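Please read these points with the sequence and the model open beside you.

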Amino acid sequence: MMTTDLSPLDFPTLLAALMRPSSLVELAVLAAVLAASGLLVWLLRGMRDRDRTGPGDSSPSIWFGNHLVDGVLFPLLALALAYVARRVLLELGQPLAVFRLAIPVLLSLAVIRLSVRVLSAAFPASALMRAVERTISWVAWLGMVLWVTGVLPVMLDELDQIRWKIGANTLSLRNIIEGGLSAGFVMVVVLWISAA
């Protein structure tokens with residue numbers, strides 16, 4: 001069984017694993033996961049549209065967006081179903097290659113959709129928020145690439161070595177970055193709750 005964490009030396013192994021015939025099984029399962037996610041969103045969207053009343057209910061929601069895969073619900077459902085499918089394939093002894101790439105991609109897509117949909121709802125006409133949305137997208141995709149290539153853990157360890165002593169506490173650059181990302185995530189969730 002392949003482990004779920006990659007190291008930089010392990011990347012050629014992943015590429016070789018993607019070329020094996022067992023990857024076709026994973027691709028079929030991933031396609032089924034994406035189709036099931038799309039079908040669930042379509043059904044839930046239809047139920048929501050059927051239950052809506054009044055002329056003011058036509059604005060797109062954060063969950064559903066403007067189109068089938070535009071909201072937050074599709075990537076979150078796809079991520080959850082992909083994680084379950086990955087666990088099942090691991091239990092069956094299937095070596096994983098495709099899901100080692102699919103999970104980080106779906107996670108990045110969920111983070112991007114969540115932040116973009118919430119910021120669009122909270123600040124609909126702000127040009128600054130458009131720049132923030134693009135920055136979040138770039139950071140999420142860059143993080144995904146670093147994760148998949150196995151460079152992210154090495155980089156985080158190196159960032160943890162850069163330290164400052166402030167009073168009785170020691171603070172690392174990694175702590176500052178993680179704190180900023182956590183604060184940003186909390187702000188997005190708070191904006192989401194306030195938009196509701």
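1. Contact here means heavy atoms within 4.5 Å. Among the contacts in the protein chain with a separation of 6 or more, 64% are accounted for by residues 24 or more positions apart.

2. This is a predicted model, in which local features need pLDDT of at least 70 and side-chain atom pairs count only at pLDDT 80 or more, while totals for chains, interfaces and linings use all residues. Residues are numbered from 1 along each chain as its sequence is written, and side-chain values use heavy atoms, with hydrogens and water left out.

3. The score pLDDT is the predictor's confidence in each residue, from 0 to 100. The protein chain averages 81, and 88% of the residues score at least 70. Confidence is lowest in helix α1 (residues 11-18), with a mean of 73, and highest in helix α3 (residues 73-91), at 92.

4. The protein chain has 7 helices and 2 strands. Helices (H or I, at least four residues) and strands (E, at least two) are DSSP runs, numbered from the N terminus. In what order do the elements run from the N terminus on? The order is α-α-α-α-α-α-β-β-α.

5. Of the 196 residues in the protein chain, 32% are buried. Buried means under 20% relative accessible area, exposed means over 50%, and partly exposed lies in between (1.4 Å probe, protein chains only).

6. Two packed helices are described by the angle between their axes and the distance between the axes. The axes are lines fitted to C-alpha atoms, for helices over the stretch in contact, and the angles run from 0 to 180 degrees between N-to-C directions. Angles under 35 degrees count as roughly parallel, over 145 as roughly antiparallel, 65 to 115 as roughly perpendicular, and the rest as oblique.

7. The axes of α3 and α4 cross at roughly 160 degrees and come within 9 Å. The two helices are therefore roughly antiparallel to each other. The crossing of α3 past α4 is left-handed; a crossing is left-handed if the near helix is turned anticlockwise from the far one by less than a right angle, and right-handed if clockwise. On the α3 side the contact includes P75, L76, Y83 and L89, and on the α4 side it includes F99, I103 and R113. By class, this contact has 14 nonpolar, no polar and 2 charged residues. For these classes, Ala, Val, Leu, Ile, Met, Phe, Trp, Tyr, Cys and Pro count as nonpolar, Asp, Glu, Lys and Arg as charged, and the others, Gly among them, as polar.

8. At what angle do helix α4 (residues 98-122) and helix α5 (residues 127-149) cross? Their axes cross at roughly 170 degrees and come within 9 Å. That makes α4 roughly antiparallel to α5. The crossing of α4 past α5 is right-handed. Among the contact residues are R100, L101, P104 and I112 of α4, and M129, E133, W141 and W147 of α5. The residues of this contact divide into 16 nonpolar, 4 polar and 3 charged.

9. Helix α5 also packs against helix α6 (residues 151-161), at an angle of about 100 degrees and with the axes 5 Å apart. That makes α5 roughly perpendicular to α6. The contact is made by G143, L146, W147 and T149 of α5 and by V151, L152 and M155 of α6. It divides into 5 nonpolar, 2 polar and no charged residues.

10. V139 lies in helix α5 and counts as partly exposed, at 48% relative accessibility. V139 and S108 are 31 residues apart along the chain, and their C-alpha atoms are separated by 9.2 Å.

11. Helix α7 (residues 173-195) holds V190, and I176 lies in helix α7 too. V190 is partly exposed at 44% relative accessibility; I176 is partly exposed at 41%. V190 is 72 residues from V118 in sequence and 9.5 Å from V118 in space, C-alpha to C-alpha. Leaving aside neighbours within four places in sequence, I176 is in contact with W164 and L171.
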